[in-house]
Amino acid sequence: MAGLRRRRFAQVDVFAEEAYLGNPVAVVLDGDGITERDMAQFARWTNLSETTYVLPSAVADYRLRIFTPGGEIPFAGHPTLGSAHAWLEAGGIPHSDVLVQECDLGLVTVRRAVTGLSFAAPPLRRDGPLASDHLARIVRALRIAPEQVVAHGWVDNGPGWAAVRLASADEVLAVDPDEQQMYDLMLGVVGAYPAGSPLQFEVRAFAAPAGVREDPVTGSLNAGIAQWLISTGAAPGSYRAGQGARVGRRGVLTVSADGDVVWVGGRSTTYVRGVVDL
């Protein structure tokens with residue numbers, strides 16, 4: 001990298017009700033003028049699920065570019081919330097009572113509440129049931145029996161997510177996938193907890209094409225799953241989901257349907273503040 005410049009930087013833990021148990025995102029708050037190649041290189045260096053770059057926008061409060069270690073993606077949930085949190089802490093002032101983010105997927109609305117930020121789930125780019133051959137591949141990759149899948153479908157809002165629902169959260173946590181067969185799958189697995197539990201669902205996310213074996217907590221996947229579950233009557237209009245237990249995290253996501261809009265949120269906390277030479 002030539003011509004390094006000092007830029008404001010934050011690292012935010014997203015979807016965590018306890019310190020350092022969510023999913024961190026690296027946020028470069030002064031992203032203007034960084035080449036795409038350098039953005040990708042820095043994202044590989046941070047080695048987090050996502051690294052983001054905040055840029056000026058003519059149509060929104062700011063533009064966000066989102067990179068995984070494997071490259072740029074059009075949308076992701078925890079980077080959206082973590083970047084919005086960092087932008088607000090750095091003095092950003094929205095043009096209205098909600099914050100509007102521009103990204104490659106389009107415009108994403110973020111709202112504030114005492115419980116934290118939440119984003120409006122974008123429309124699905126692809127939905128409907130999975131093809132039988134694709135489902136068979138998923139079953140083999142997850143090393144589960146076909147009858148364990150009680151429902152399946154596309155929940156793709158940009159990254160390419162497919163999802164399968166198992167009978168219980170315990171079955172989700174017990175999944176031990178075959179990593180060699182997961183190499184090209186963007187896959188979510190969800191199952192319900194017993195009635196009366198503090199959480200209603202457990203979610204796991206596998207994103208090998210993005211360079212992430214298992215993502216700790218995933219906003220985009222949970223948004224797509226929420227739209228799927230609520231629309232099919234498999235989930236109530238408001239619930240809490242857990243994610244990350246198998247990778248040493250305890251992420252908590254809140255889901256709430258407001259008319260036709262599904263909101264996905266959680267707590268965001270900045271633990272690293274400073275500058276980066278980039």
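Predicted model: local features only at pLDDT ≥ 70, side-chain atom pairs only at ≥ 80, totals over all residues.

Biologist: Are Arg65 and Glu72 buried or partly exposed?

Modeller: Arg65 counts as buried because its relative accessibility is 12%, whereas Glu72, at 28% relative accessibility, counts as partly exposed.

Biologist: How many salt bridges does the structure hold?

Modeller: The structure holds 12 salt bridges. One of the others is formed by the side chains of Arg273 and Glu89, at 3.6 Å from N to O. That pair connects distant parts of the chain, since Arg273 lies in strand β17 and Glu89 in helix α2, 184 residues apart. Arg273 is exposed, with a relative accessible area of 58%, while Glu89 is partly exposed, with 43%.

Biologist: And what does Asp176 form a salt bridge with?

Modeller: Asp176 is bridged to Arg143, with 3.5 Å between the closest N and O atoms. This pair also links distant parts of the chain, 33 residues apart, with Asp176 in the loop between α4 (169-174) and β11 (186-192) and Arg143 in the loop between α3 (132-142) and β9 (149-154). Asp176 counts as partly exposed because its relative accessibility is 42%, and Arg143 is exposed, with a relative accessible area of 52%.

Biologist: Switching topic, what does the domain assignment give for the protein chain?

Modeller: The assignment gives domain 1, made of 6-118 + 266-277, and domain 2, covering 132-264. Taken over C-alpha atoms, the centres of domain 1 and domain 2 are separated by 23 Å.

Biologist: What area is buried between domain 1 and domain 2, and how many residues are in contact?

Modeller: About 1,800 Å² is buried between the two domains, and carbon and sulfur atoms give 54% of that area. In domain 1, the residues that lose the most area to domain 2 are Phe15, Leu21 and Arg111, which together make up 31% of what that side buries. As for contacts, 24 residues of domain 1 touch 23 residues of domain 2.

Biologist: How many salt bridges and polar contacts are there between domain 1 and domain 2?

Modeller: Between domain 1 and domain 2 there are 3 salt bridges, and 10 residue pairs are in polar contact, counting pairs with both residues at pLDDT 80 or more. On the side of domain 1 that touches domain 2, the elements giving two or more residues are β2 (23-28), α2 (77-89), β7 (106-113) and β8 (116-120). Of these, α2 gives the most, with 3 residues. By type, the residues of that side divide into 11 nonpolar, 10 polar and 3 charged.

Biologist: Last one: which residues are buried in helix α1?

Modeller: In α1, which runs over residues 36-46, the buried residues are Asp38, Met39, Ala40, Phe42, Ala43 and Thr46. Their cover includes β1 (6-14), β2, β3 (51-55), β4 (62-68) and β17 (268-277). After α1 comes Asn47, whose phi is positive, near 60 degrees.

Key: Residues numbered from 1 in each chain as written. Heavy atoms only, no water. Domains from an automatic or database assignment. Contact = heavy atoms within 4.5 Å. Buried area = accessible area lost by both parts, 1.4 Å probe. Salt bridge = Lys/Arg side-chain N within 4 Å of Asp/Glu carboxyl O. Polar contact = N/O pair within 3.5 Å; in protein donor to acceptor, adjacent residues only side chain to side chain. Helix = DSSP H or I, 4+ residues; strand = E, 2+ residues; numbered from the N terminus. Nonpolar A, V, L, I, M, F, W, Y, C, P; charged D, E, K, R; others polar. Buried < 20%, exposed > 50% of the residue type's maximum accessible area, 1.4 Å probe, protein only.
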